[in-house]
Amino acid sequence: MASFNTIDCASYAYQLVWRERQYLLKLALVPLVIKLAFFMVSLMYGESGNVIRMSLLLIPAYFAEGWMLCHFVRLMTNGQRWPYVMTGDDAKDLKAAKERGRPLLAGILGFVLINLSIALYFHVFSNLMPAEMLEGEVMNPEDVPPGMFLNMTLMMAFVFLAFRFVWLYVPLAARMRPLEYIRKTNGVGISARMIGLWLICFVPAMVTMQFILSLFMVDGMQGTMIAEVFVAIIRIIFDTVKNILVTAGMTVAILHVMNGKK
């Protein structure tokens, strides 16, 4: 079974994102605005505390971000850039539009459904955990509900086993066979490598975001409308950067797994 080098995939992802930064900025502009708008609406209506309702409210943002990420996947796997330049030959342009549009639409729908599934998972997880633990409070061992550790173990095991399905939108957008992807990524080793790659792409962006927020969020700003808008903008920007980096790394890894040394 073909595998991949975690460090090499992450390194290539960072280099590629930096090299294509102008194209990605053009690609991400509209999704960033849509994500920010719907995120602010969710905060305005107080839905940030309810994962399911917030995710349903963010569905348009998921579609916009899926559109952006799947176009990036198409660039990496097929060399196709947005927007498509028409040739003037109607038959040729129609054929090209169908060949580009079908995998792109499949990838976008896959991305939206994956994000809704993740929201459902966190909703179930939060309902299984005591409220005190979710709020970060120290619990007395005698107050811990029986079976809680078993529930946590099962939920963590499920995350490990299902992790490869989170990136199913990549082979869908690349017009690969989903069942072949599932078969070739079956195994503990592949899942562990994917988690490692995700961490290398995820953690630096999130740490940088927290560092920037800590520099600007002084005591006088906390709780104000300006502060909430500022925090939302920073979070949306870095969340988008993180998703681009992770998608780039996973796409390279999936290409290794699916194509071997080709």
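This is a predicted model: local features need pLDDT of at least 70, side-chain atom pairs count only at pLDDT 80 or more; totals for chains, interfaces and linings use all residues.
**Overall fold**

The protein has 11 helices and zero strands. Along the sequence, the pattern reads α-α-α-α-α-α-α-α-α-α-α. Of its 262 residues, 39% count as buried.

**Helices α2 and α11**

Helix α2 spans residues 21-44, and its axis comes within 10 Å of the axis of α11. The two axes cross at roughly 135°. Angles over 145 degrees would count as roughly antiparallel, and 65 to 115 as roughly perpendicular. The pair α2 and α11 is therefore oblique. The crossing of α2 past α11 is right-handed.

**A nonpolar patch**

Met225, Val229, Ile233, Ile237 and Val241 make a nonpolar surface patch of about 380 Å². Ile237 belongs to helix α11, which covers residues 225-259. The relative accessible area of Ile237 is 37%. Buried means under 20% and exposed means over 50%, so a value in between is partly exposed. Ile237 therefore counts as partly exposed.

The table places each residue.

| Residue | Loop between | Helix residues |
|---|---|---|
| Pro83 | α4 and α5 | 59-78 and 90-128 |
| Arg175 | α8 and α9 | 169-173 and 178-184 |

Trp82 and Pro83 are joined by a cis peptide bond, with omega about 0°. Arg175 has a phi near 60°, which is positive although the residue is not glycine. Is Arg175 buried or exposed? Its relative accessibility is 52%, so Arg175 counts as exposed. The cut-off for exposed is over 50%.

Conventions:
Residues are numbered from 1 along each chain as its sequence is written. Side-chain values use heavy atoms; hydrogens and water are left out. Patches are made of residues with over 30% relative accessible area and no salt bridge: like charges are joined within 9 Å, nonpolar side chains (Val, Leu, Ile, Met, Phe, Trp, Tyr) within 5 Å. Accessible areas come from the Shrake-Rupley method with a 1.4 Å probe; for residues, only the protein chains shown count as cover. A salt bridge is a side-chain nitrogen of Lys or Arg within 4 Å of a carboxyl oxygen of Asp or Glu. Helices (H or I, at least four residues) and strands (E, at least two) are DSSP runs, numbered from the N terminus. Buried means under 20% relative accessible area, exposed over 50%, partly exposed in between (1.4 Å probe, protein chains only). Axes are lines fitted to C-alpha atoms, for helices over the stretch in contact, and angles run from 0 to 180 degrees between N-to-C directions. Angles under 35 degrees count as roughly parallel, over 145 as roughly antiparallel, 65 to 115 as roughly perpendicular and the rest as oblique. A crossing is left-handed if the near helix is turned anticlockwise from the far one by less than a right angle, and right-handed if clockwise.
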